[in-house]
2 protein chains.
Amino acid sequence: MYKNLFDTKLSIIQSPMAGIQDNALAIAVCKSGGLGSLACGMLSIDDIVKEIKLIKEATDNPFNLNFFCHTHFNYDKEHHLKWQTLLEPYFTEFGIKCESIPDGAKRVPFNHDIADSIEPFKPQFISFHYGLPDKELLSRVKGWGSKIVSSATTVDEALWLESKGIDGIIAQGLEAGGHRGMFLSEDITTQIGLSALLPQIVNKVKVPVIATGGISDNYSIQAALLLGADAVQIGTTYMLCSEAKTSQLHRLALKNIKSQHTAITNLFTGRPARGIVNRVMKELGYIHSLVPNFPYAAIEIGQLRAYSEKLGSDDFSPLWSGQNTSGCKEISAEELTLQLTTDYR
Amino acid sequence: MYKNLFDTKLSIIQSPMAGIQDNALAIAVCKSGGLGSLACGMLSIDDIVKEIKLIKEATDNPFNLNFFCHTHFNYDKEHHLKWQTLLEPYFTEFGIKCESIPDGAKRVPFNHDIADSIEPFKPQFISFHYGLPDKELLSRVKGWGSKIVSSATTVDEALWLESKGIDGIIAQGLEAGGHRGMFLSEDITTQIGLSALLPQIVNKVKVPVIATGGISDNYSIQAALLLGADAVQIGTTYMLCSEAKTSQLHRLALKNIKSQHTAITNLFTGRPARGIVNRVMKELGYIHSLVPNFPYAAIEIGQLRAYSEKLGSDDFSPLWSGQNTSGCKEISAEELTLQLTTDYR
């Protein structure tokens, strides 16, 4: 009916944002004609099912389920001891004791158990972050008729994804907030601004390309479509919406002038992600070589975060944000989606 | 007559590229209806005058003169000794002796002597990099009726430039090749992709904004104009043109798949600049804390460059390039400019 890959009225996908949203944001975007997404990467299987049911009760429109598919590493005790030594001065400052519990980090890669739980819903769209699951799992999901997309941060990654039979590619410009989808390199200098990345991917692949990174208004949507995008994915711009579960501290940071300075950091999870610069990023450096593997880094720093957030401080919080917060508005996501398609200067 | 700040037929400015161009490229772009630029930052006063005369003989169209206005540091012998120690293994490998000659680096900030030499030509447009010259020099230049633009890499820099009475602002997205125009911060994580930078600057300033970074074809020009740009500045895309003075080694690198990976490095001059990743960047790291001040870093590494280039190697060459070489063509700059305004997928 409509002309984009997702067959939605609007060429807008809401970025899945783990820890910052649940069904409410997805429903609001679906209802307004975009494609709402549910970030499943930090949810238990029970919660995934519960959230899907809530979305399906609220809307008949299609929606997107997002999963991580990072390489699974085991918890490495020795590595964590080094990391704890580095963080020790903060624990001392707070007068708290660090406890390193291997299952304290919640991000699990997509697996057959998860597939079992979502199969009954025959999801129309699934987006992956950090590459793709293995061939068998991917075939299984495609067997349901689900359309599959994943993020590419370089031309190489786009070509790799296309070679695996994917239905669409999310060109993630380095302006984007949250975790970089990068999976063929760990060197963050390989990351490319959307104005350079999008045209190159569009020229190299045959599947539809979804643009993300810095998109904040109708003009930037139109510009991305002009550059050959099939649709755009928008995250940061939704973060102040009433349906988002963005914390109060995070909301304050997004509205503050300090949100002008974000950086890609691996401190919070072990994988590079863009967030607003805060105390721990300034003091340890944005990228640190001693950080444990994803997602275990969150175990220790999460305790510092919990303690300092109780005191009203965001010094140890992952303040995920893209490089452009100018489109953030404290309104409903339905209203925002409408404005995104109609606003003028 | 035309509607952009520069009153040119096309809304295209050729990026000034010190060391990579002379009057020939500027003339070609001027003749095709864009605004050609002469990069004066590495030229002697005699050469600046000679080049201007050649441009004026060839075309009556307006052109742009570009100057650096970095803070001048004195040559610091002790700092250089540390830098030489770091580079010593390379000198040993080549069997050559390092000579550190204070006046071996050619980049001089804009000054009254330069102003004296260009005043007779009453240049219509002058663009600066690294901020602006002091108030008196700026007033002097403005007194000739010259229109002044300079690069902003953050919203803060754009507001600073506007407060100084500038006529236009070049929004330099981090995709751009060559030196970052940054002047209010030395932290390269402050640098922003064009898709996030351009709309924010357009929304915050009243003067015309020129977009640069990753622009390679008619679509990216149209997209930038849609985002509110008055014109675009294009550099990398011109680097294979017959009128450019790009070296053969540099041309080969731009045409090679390795041009997909550029990084911002301070190794070659002491200031951060984007170039294709090569041996010295990989081995020393892209940003090194021991690098001497701009432009003196070039003294020592320039000797390694000269030696290895003679052997046909680009291991120590600054291979300036933006993050998008897909628009580079080995044709004349006149033809390329025409194609930039008419090409379709």
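In chain A, helix α12 (residues 333-342) has four named buried positions: A:A333, A:L336, A:T337 and A:L340. Buried here means that 20 or more other C-beta atoms, placed from the backbone, lie within 10 Å of the residue's own; helices are DSSP runs of H or I with at least four residues, strands are runs of E with at least two, and both are numbered from the N terminus. Seen down the axis of α12(A), the buried residues fall within an arc of 100 degrees, taken from the directions from the helix axis to the C-beta atoms, so they line one face of the helix. Their packing partners in chain A are β1 (12-14), α1 (23-31) and α8 (218-226), with contact defined as C-beta atoms, placed from the backbone, within 7 Å.

The model is predicted: local features need pLDDT of at least 70 and side-chain atom pairs pLDDT 80 or more, while totals for chains, interfaces and linings use all residues. Residues are numbered from 1 along each chain as its sequence is written, and chains are lettered from A in the order in which they are written.

The contact between the chains takes 34 residues from chain A and 34 residues from chain B. On the side of chain A that touches chain B, α7 (194-204) and α8 give two or more residues each, and α7(A) gives the most, with 6 residues. The classes on that side are tabulated below.

| Class | Members | Count on the chain A side |
|---|---|---|
| Nonpolar | Ala, Val, Leu, Ile, Met, Phe, Trp, Tyr, Cys, Pro | 13 residues |
| Polar | the others, Gly among them | 19 residues |

The same surface serves both copies, as 100% of the contact residues of chain A recur in chain B.

How values were computed: Contact = placed C-beta atoms within 7 Å. Buried ≥ 20, exposed ≤ 12 C-beta atoms within 10 Å, placed from the backbone.
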